[in-house]
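Hi there,

Here is the structure I promised to pass on. Please open it alongside this email and have a look as you read.

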Amino acid sequence: MLRPTAVRVETICAYQILVEFDNGEKKCFDVEPYIKGEWYGKLKAYEYFRRVTTDGFTVVWPEGQDICPDELYDYGKLVS
């Protein structure tokens with residue numbers, strides 16, 4: 001069975017995003033552990049971090065940083 005995909009995303013506080021999946025579930029995901037190195041380190045600039053969007057499959061940032069949709073779904077905390 002295929003995992004749900006991200007259809008909507010918004011920042012909710014410092015380095016956390018709220019992701020809505022195509023199955024209707026919403027999960028809070030902490031991006032901070034991913035913010036290291038040169039590539040993902042760009043997310044540390046909060047104005048850039050807030051530019052997150054979805055491509056209908058996962059979450060992405062303008063320069064191509066993304067997070068695997070399986071990780072978003074498996075490790076996100078369900079929001080009621």
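Below are some notes on the sheet, on a lysine in it, and on an aspartate elsewhere.

First, the ground rules. This is a predicted model, where local features need pLDDT of at least 70, side-chain atom pairs count only at pLDDT 80 or more, and totals for chains, interfaces and linings use all residues. Residues are numbered from 1 along each chain as its sequence is written, and side-chain values use heavy atoms, with hydrogens and water left out.

**The sheet**

Four strands form an open sheet in the order β1-β2-β3-β7, with antiparallel pairing. Strands here are DSSP runs (E, at least two residues), numbered from the N terminus, and two of them pair if DSSP finds at least two bridges between them. At the edges are β1 (6-13) and β7 (77-79), each pairing on one side only. On average, neighbouring strands of this sheet are turned by 30° against each other, direction ignored; the axes are lines fitted to C-alpha atoms, and angles run from 0 to 180 degrees between N-to-C directions.

Strands β2 (residues 16-21) and β3 (residues 26-30) pair in the antiparallel sense over five bridges. Ile17 has Phe29 as its bridge partner in β3, and Glu20 has Lys26. The hairpin of β2 and β3 has four residues between the strands, and Gly24 takes a positive phi near 95° there. β3 also pairs with β7, again in the antiparallel sense, over three bridges; Cys28 has Lys77 as its bridge partner in β7.

**Lys27**

Lys27 lies in strand β3, and a polar atom of its side chain lies 2.7 Å from the backbone oxygen of Tyr73. Not counting residues up to four places away in sequence, Lys27 touches several residues, including Ile17, Val19, Tyr73 and Leu78; contact means heavy atoms within 4.5 Å.

**Asp66**

Asp66 lies in strand β6 (residues 66-67) and is partly exposed, with a relative accessible area of 34%. Leaving aside neighbours within four places in sequence, Asp66 is in contact with Tyr40, Thr58, Val59, Val60 and Trp61. Tyr40 is 26 residues from Asp66 in sequence, and the two are 8.8 Å apart in space, C-alpha to C-alpha.

Best wishes

Key: Buried means under 20% relative accessible area, exposed over 50%, partly exposed in between (1.4 Å probe, protein chains only). A polar contact is a pair of N or O atoms within 3.5 Å; within protein, one must be able to donate a hydrogen and the other to accept it, and residues adjacent in sequence count only if both atoms are side-chain atoms.
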